[in-house]
Amino acid sequence: MSQVRKLVAGNWKMHGVASQLSEALLIAQSLAQTPAVCRVALCPPTTLIHRMSEVLGDAAVLVGAQDLHPEVKGAFTGDVSAHMLHDAGAQLVIIGHSERRAAYRESNDLIAAKVATALHVGLEPVICVGETREEREAGQAVLVVESQLAGSLPDVLDAAHFAIAYEPVWAIGSGATPTIAEIEAIHAAIRAHLVRRFANGASVPILYGGSVKPDNAAAIMQAREVGGALVGGASLTARDFLPIIRAAG
Ligand code: PEP
């Protein structure tokens, strides 16, 4: 697992207008001076994908989307297709974030369809799984995550480039995090699932997400089977995101 290149991805959620592109530039400038050991990505709101990819040019920062529609095209007012995201400059896409699973009742089947569509146009999917607090307290965390993996990872992922993000719902935006042992236990279960199902299962990065900050990033990155981080709030500024990127090395 140590040979897997880590991925540190920022999820800006519904934050950011053109003036915040300066933060992306600051990150790119720092990485130009001192290249990161890990891969780095920023997933701004859809409205900024094109401008961010233009501003970043060939900088060592991938640009990603936060969601996509499972259909290739059609009468879906307000939605955005995989091809449109790719055309705008996105290289990867977050799929099945818990905020979408909860607020839009996204099912595993829908998420699997989105993953297949992303792969079809060459977007690297970052597929999110994670248990609620109630599920953890009931001792169901591993079961819940395994069933999300079973339902939301289509077989076409075999040999494809993709990443999994383990994000306990209760840790997102809360300041709370699991212990390192708890993170390692879930990541080990995810790795076992990936190895069982996919030819490249041993090398798929498994990111941890949920209140990753500059002061806890190093410990989390060193945990067994942690292949990087999906970062929300702390990815909005270069001041917070850069130390997390550096901690991955
Ligand atoms: C997220 O929403 O994916 C996330 C990890 O958020 P935060 O880092 O703010 O907890």
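Ala, Val, Leu, Ile, Met, Phe, Trp, Tyr, Cys and Pro count here as nonpolar, Asp, Glu, Lys and Arg as charged, and the others, Gly among them, as polar. This is a predicted model: local features need pLDDT of at least 70, side-chain atom pairs count only at pLDDT 80 or more, and totals for chains, interfaces and linings use all residues. Residues are numbered from 1 along each chain as its sequence is written, and side-chain values use heavy atoms, without hydrogens or water.

**View 1. The shell around the ligand.** The ligand is surrounded by 14 residues (a heavy atom within 4 Å). The closest are Lys13, Glu167, Gly173, Ser211 and Gly232. By class, the shell holds 4 nonpolar, 8 polar and 2 charged residues.

View 2. The side chain of His97 places an N or O atom 2.8 Å from a ligand oxygen. Gly173 uses a backbone N or O atom, 2.7 Å from an oxygen of the ligand. A polar backbone atom of Ser211 is 2.8 Å from a ligand oxygen. Alone, the ligand exposes 290 Å², and the protein buries 97% of that (Shrake-Rupley method, 1.4 Å probe).

**View 3. The buried residues of helix 5** (a DSSP run of H or I, at least four residues). Ile111, Ala112, Lys114, Val115, Thr117 and Ala118 are buried (under 20% relative accessible area, 1.4 Å probe, protein chains only). Their cover includes helix 3 (82-88), strand 4 (92-95; strands are E runs of at least two), helix 4 (98-103), strand 5 (124-129) and helix 7 (141-152) (contact: heavy atoms within 4.5 Å).

**View 4. The end of helix 5.** Gly122 follows helix 5, with a positive phi near 90 degrees.

Definitions and conventions. Polar contact = N/O pair within 3.5 Å; in protein donor to acceptor, adjacent residues only side chain to side chain. Buried < 20%, exposed > 50% of the residue type's maximum accessible area, 1.4 Å probe, protein only.
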